Amino acid sequence: MSNTIMKELCMRNGDIAPLLIIADNYEKLGQYKMCESYLRMAINRLPDRVYPYYKLAKLYSDPNFKDINKLKKTLYDIQKIQIKVFSPATKQMFQELETLK
């Protein structure tokens, strides 16, 4: 039900939040390919945001969906992002991503 509402919202709005909610829902359902797909949509919609890349890297490091090559590519892509405001949350994400290398 939640995904139906979020998908409708995605069509009316340019925000990535509904895409991230859908991705989280699919991850909780164990539908990792669908989760990956929605995270990629979020990245394509706003490629300068760190959070979708962070979620994607975490997905690729998950034992149920582990993909070392995609993880390395995602970590590389994250490094190219020009961060405008370095917040404590951003710092925490980067610290956590360091442990995935």
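Mentor: One aromatic cluster is formed by Tyr32, Tyr60 and Phe65. The model is predicted, so local features need pLDDT of at least 70 and side-chain atom pairs count only at pLDDT 80 or more, while totals for chains, interfaces and linings use all residues. Residues are numbered from 1 along each chain as its sequence is written, and side-chain values use heavy atoms, with hydrogens and water left out.

Rings of Phe, Tyr and Trp (its six-membered ring) pair if their centres lie within 6.5 Å; planes under 30 degrees apart count as stacked, over 60 as edge-to-face and the rest as tilted. By this rule there are five aromatic pairs. Among them is the stacked pair of Phe86 and Phe94, with 6.1 Å centre to centre and 20° between the planes.

Tyr60 of helix 4 also belongs to the contact with helix 5, together with Tyr53, Tyr54, Leu56, Ala57 and Ser61 of helix 4; contact means heavy atoms within 4.5 Å. From helix 5 come Lys70, Leu71, Thr74, Leu75, Asp77 and Ile78. These residues divide into eight nonpolar, two polar and two charged (Ala, Val, Leu, Ile, Met, Phe, Trp, Tyr, Cys and Pro count as nonpolar, Asp, Glu, Lys and Arg as charged, and the others, Gly among them, as polar).

Helices are DSSP runs (H or I, at least four residues), numbered from the N terminus. The axes of helix 4 (residues 50-61) and helix 5 (residues 68-79) come within 9 Å and cross at roughly 160°; axes are lines fitted to C-alpha atoms over the stretch in contact, and angles run from 0 to 180 degrees between N-to-C directions. Helix 4 and helix 5 are therefore roughly antiparallel to each other (angles over 145 degrees).

Terms used:
Helices (H or I, at least four residues) and strands (E, at least two) are DSSP runs, numbered from the N terminus. Angles under 35 degrees count as roughly parallel, over 145 as roughly antiparallel, 65 to 115 as roughly perpendicular and the rest as oblique.
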